[in-house]
Each structure stands twice: as structure tokens, then as C-alpha cells.
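Let's walk through this model together, starting with a helix and then moving on to the charged pairs. Keep the view open as you read.

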Amino acid sequence: MRVLLVLPAYNEAAAIKGTVQTILDTSFSKGLDVDYIVINDGSTDETERLCRESGIKCLSLVKNLGIGGAVQTGYLYAALNGYDIAVQFDGDGQHDIRSLEALIAPILEDRCDFVVGSRFLENSSAFRSTWLRRAGIHYLSFVLRLVTSQRIADVTSGYRAANRRALLYLAENYPVDYPEPESLVHLYKQRLRIGEVSVNMFERTAGKSSIHGLRSVYYMIKVTLAVLFAAMGKGELK
């Protein structure tokens with residue numbers, strides 16, 4: 001089973017080398033062939049140079065496309081190169097590689113087409129963010145359940161796995177801005193089986209979140225509207 005870790009990276013020079021090294025240092029169960037690709041999203045720091053000089057597998061976008069464009073590039077790479085599973089894996093060190101096998105287990109067992117890694121199920125994660133952000137995530141979880149009847153506790157989680165069918169769809173259809181909640185609506189409307197499992201996450205080792213202060217309010221409004229419009233549409237982004 002060929003598994004590709006897609007690492008979107010924008011100005012992650014301080015963390016990307018260590019993140020890739022944790023992947024290389026991890027042993028996986030027999031039968032799992034785990035690979036990775038860094039998607040350098042038009043970084044203005046030393047991310048590209050560090051990847052090149054360190055021999056890190058990297059695709060560099062000619063300009064910054066945002067998280068949606070970077071992740072879709074990774075799905076397209078997985079589709080074109082015949083991977084069975086694609087896993088979004090943050091380049092900033094937040095995602096615990098030791099949770100990978102738990103994340104993809106429902107796919108391997110043919111119970112799910114797409115799996116979200118959750119910080120909140122069973123309270124198993126070492127890091128769960130601030131109470132204000134958790135409140136926002138719970139709100140978005142409610143909105144998602146309202147329009148899809150799908151119960152996902154950690155709707156903004158970027159630690160997510162897609163099987164071949166799901167990654168082929170996402171390679172052609174992926175939201176642009178803050179896409180995690182909206183993409184779940186589109187996957188649901190494609191009748192793909194969506195699941196959620198507990199994973200561990202860490203506090204980021206470098207950099208800072210782009211969502212803070214008044215931008216958090218803007219984010220909540222924008223994502224809510226995106227989810228509602230996606231639910232009312234035909235389910236296609238083309």
C-alpha cells in the first residue's frame with residue numbers, strides 16, 4: 001500500500017527539515033510504503049533552499065496559492081504517481097507521525113474513503129489549541145452537522161487521509177481558502193464515506209497561525225458561508 005504524505009509549506013524554513021526527518025526516522029508496519037512530498041507554496045524565506053540542499057523531495061509553486069492550492073497540488077501529485085492513500089501532514093511539526101497508522105486504519109479496513117484526525121475524540125492529543133479556537137471549531141462542527149448530518153468533532157484538522165477514490169476527486173476539486181470544513185461537504189455530497197479517529201498533535205515548533213484576532217471572526221463568517229453555499233450547490237467545484 002503506497003502512502004504519500006503531502007506537506008504544504010509556506011515559510012517553514014525553521015521547521016521543515018525536522019518535520020521531514022521525523023518521517024524518515026519512523027518505522028511503519030509491513031506492507032506500508034510511506035513516501036512524502038513537500039509543496040513549497042511560494043515561500044519567501046529559505047524553505048526552498050533548505051529542501052534543495054538537504055535532498056528533501058519538494059515541489060515549488062511559482063507563487064503563493066494558499067493552503068488550498070498547495071494541498072490540491074499534493075493530491076494531484078498523488079493521483080499522477082499512483083499512490084493509494086494521500087495524507088495531509090503539516091510542515092510545521094504539529095502532526096504526530098506516530099498517529100499515521102491509526103489515521104489510515106479505517107481506509108485500509110475499507111470502512112472509510114476519507115478520515116479526519118481529531119484532537120478532541122477521547123482527549124488524546126497533547127495539544128488542543130486555545131479555548132476560543134476550540135469554541136470556534138465546535139461551532140463549525142455544528143454547522144457541518146446541520147447541513148450534512150455528518151458528525152466531525154475536529155472539522156478544521158489538517159491531519160487527514162484520503163483513499164484513491166477520494167484523492168482523485170480532490171485532485172480535481174478542492175476549495176481555495178481554509179478548505180478543510182468546506183471540502184468535507186463536497187466529499188459528503190459525492191457519497192464518500194467520511195470518518196474520524198483520535199490522533200496526537202503538538203504545538204507548532206516555529207512560526208505562527210495566520211488566524212488570530214479579528215481575522216478569527218472573518219474566518220468564522222467566511223467558512224460558515226462557504227459551507228452553506230457548498231451544501232446548496234451541486235457538489236462540484238469545477
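This is a predicted model: local features need pLDDT of at least 70, side-chain atom pairs count only at pLDDT 80 or more; totals for chains, interfaces and linings use all residues.

Residues are numbered from 1 along each chain as its sequence is written, and side-chain values use heavy atoms, leaving out hydrogens and water.

Start with helix α5, residues 131-148. Helices here are DSSP runs of H or I with at least four residues, strands are runs of E with at least two, and both are numbered from the N terminus. At 1.5 Å a residue, the 18 residues of α5 should span 26 Å, and the end C-alpha atoms agree at 25 Å apart; the expected span is 1.5 Å times one less than the number of residues. Buried residues in α5 are G136, I137, L140, S141, V143, L144 and T148. They sit on the same side of α5, because they cover an arc of only 165 degrees around the axis, taken from the directions from the helix axis to the C-beta atoms. Buried means under 20% relative accessible area, exposed over 50%, and partly exposed in between (1.4 Å probe, protein chains only). Turned away from that buried side are the exposed W131, L132 and L146.

Now for the charges. Side chains of opposite charge can pair when their charged atoms come close. The structure holds 8 salt bridges, each a side-chain nitrogen of Lys or Arg within 4 Å of a carboxyl oxygen of Asp or Glu. One of them joins D35 and K57, with the closest N and O atoms 2.7 Å apart. D35 is in strand β2 and K57 in the loop between α2 and β3, so this pair ties together parts 22 residues apart in sequence. D35 is buried at 16% relative accessibility, whereas K57 is partly exposed at 39%.

Another salt bridge links R193 and D113, at 3.1 Å between the closest N and O atoms. R193 lies in the loop between α7 and β7 and D113 in the loop between α4 and β5, so the pair ties together parts 80 residues apart in sequence. D113 is buried at 4%; R193 is partly exposed at 33%. Elsewhere, E46, R49 and E53 form a network of salt bridges.

Finally, look at S198 in strand β7. S198 is buried, at 18% relative accessibility.
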